[in-house]
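Q: Hi! Could you walk me through this one? I'd like to start with the charged pairs, then move on to the strands and the pocket.
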Amino acid sequence: MATADDVAQACSDWISVFTRLSTDGVPSTNRLVQLTTEDVRFRDPFNDLRGREALHALLIHTLNQIQDQRVEVRDTAISEHTAYVKWEMTGRIAVIGDWKVTGMSELQFAKDGRLMAHLDYWDAATDFYARLPVLGRIIRFVASKASPPKQ
């Protein structure tokens, strides 16, 4: 069974994958074997996938789609087998230009200390879709109708 220190180290190792993705590149599948369980799950507003191969492909796609990508960790909290990480990601996406999103990840670790789930929580409507040229206008209009009148 992993100790709190093991979970903290596993969390740090996993966070380094994302904070160093643009400088170190995508980790090898051998490194993912060390860091994750075989059926690791990754979920964010765009994806819900399982398995190392799918995760590896997603990391490659992310690196290719977001130019000058940077992830900065703002805070972490660790419990018995789960870590919560508040982060800010910046970069440039072809369709919307400069991009910044703040989110939180729930990282669940197996008893052996390897990552078994990475669940991202962030507002895709505001932070992505509303920034798209045509769809963004529609989303902003609908959001304005759902808000109380400004005083």
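A: Happy to. A salt bridge here is a side-chain nitrogen of Lys or Arg within 4 Å of a carboxyl oxygen of Asp or Glu. Keep in mind that this is a predicted model.

Q: Fine. By this rule, how many salt bridges does the count come to?
A: The count comes to eight salt bridges.

Q: Which residues are linked in a network of salt bridges?
A: The network links Arg70, Glu72, Arg74, Glu88 and Lys100. Within it, Glu72 forms a salt bridge with Arg70, where the closest N and O atoms are 2.7 Å apart. Arg74 also forms a salt bridge with Glu72, with the closest N and O atoms 3.1 Å apart.

Q: What does Arg20 form a salt bridge with?
A: Its partner is Asp24, and the closest N and O atoms of the two are 2.6 Å apart. Arg20 is partly exposed at 44% relative accessibility, and Asp24 is partly exposed with a relative accessible area of 47%.

Q: Let's switch to the strands. In what order do the six strands form the open sheet?
A: The order is E2-E1-E6-E5-E4-E3, and the pairing is mixed. E2 and E3 stand at the edges with a single partner strand each, so one side of each is left without a neighbour in the sheet. On average, neighbouring strands are turned by 20° against each other, direction ignored.

Q: Do E1 and E6 run parallel or antiparallel?
A: Parallel: E1 (residues 36–43) and E6 (residues 115–121) are joined by four bridges. Thr36 stands opposite Leu115 in E6.

Q: How many bridges join E1 to E2?
A: Three bridges join them, and the two strands run antiparallel, with E2 covering residues 48–50. A hairpin of four residues takes the chain from E1 to E2. Arg43 stands opposite Asp48 in E2.

Q: What about E5 and E6, in which sense do they pair?
A: They pair in the antiparallel sense, over six bridges. Glu106 has Leu119 in E6 as its bridge partner.

Q: Now the pocket. How much space lies in the largest pocket?
A: About 630 Å³.

Q: Which residues lie nearest its centre?
A: Asp44, Thr62, Ile66, Met89 and Trp99 lie nearest the centre, out of 29 residues that line the largest pocket. The elements that give two or more residues to the lining are helices H1 (4–19) and H4 (52–65), strands E3 (66–78), E4 (82–93) and E5 (97–109), and E6.

Q: How do the residues of that lining divide into nonpolar, polar and charged?
A: The lining of the largest pocket has 20 nonpolar residues, seven polar and two charged.

Methods: Residues numbered from 1 in each chain as written. Predicted model: local features only at pLDDT ≥ 70, side-chain atom pairs only at ≥ 80, totals over all residues. Heavy atoms only, no water. Pairing = 2+ DSSP bridges. 1 Å grid on protein atoms, 1.4 Å probe; cavity = no way out; pocket = protein on both sides within 12 Å on 5 of 7 lines; lining within 4 Å. Points joined across faces, edges and corners; volume = space filled by probe spheres on them. Nonpolar A, V, L, I, M, F, W, Y, C, P; charged D, E, K, R; others polar. Buried < 20%, exposed > 50% of the residue type's maximum accessible area, 1.4 Å probe, protein only. Axes fitted to C-alpha atoms, helices over the stretch in contact; angles between N-to-C directions.
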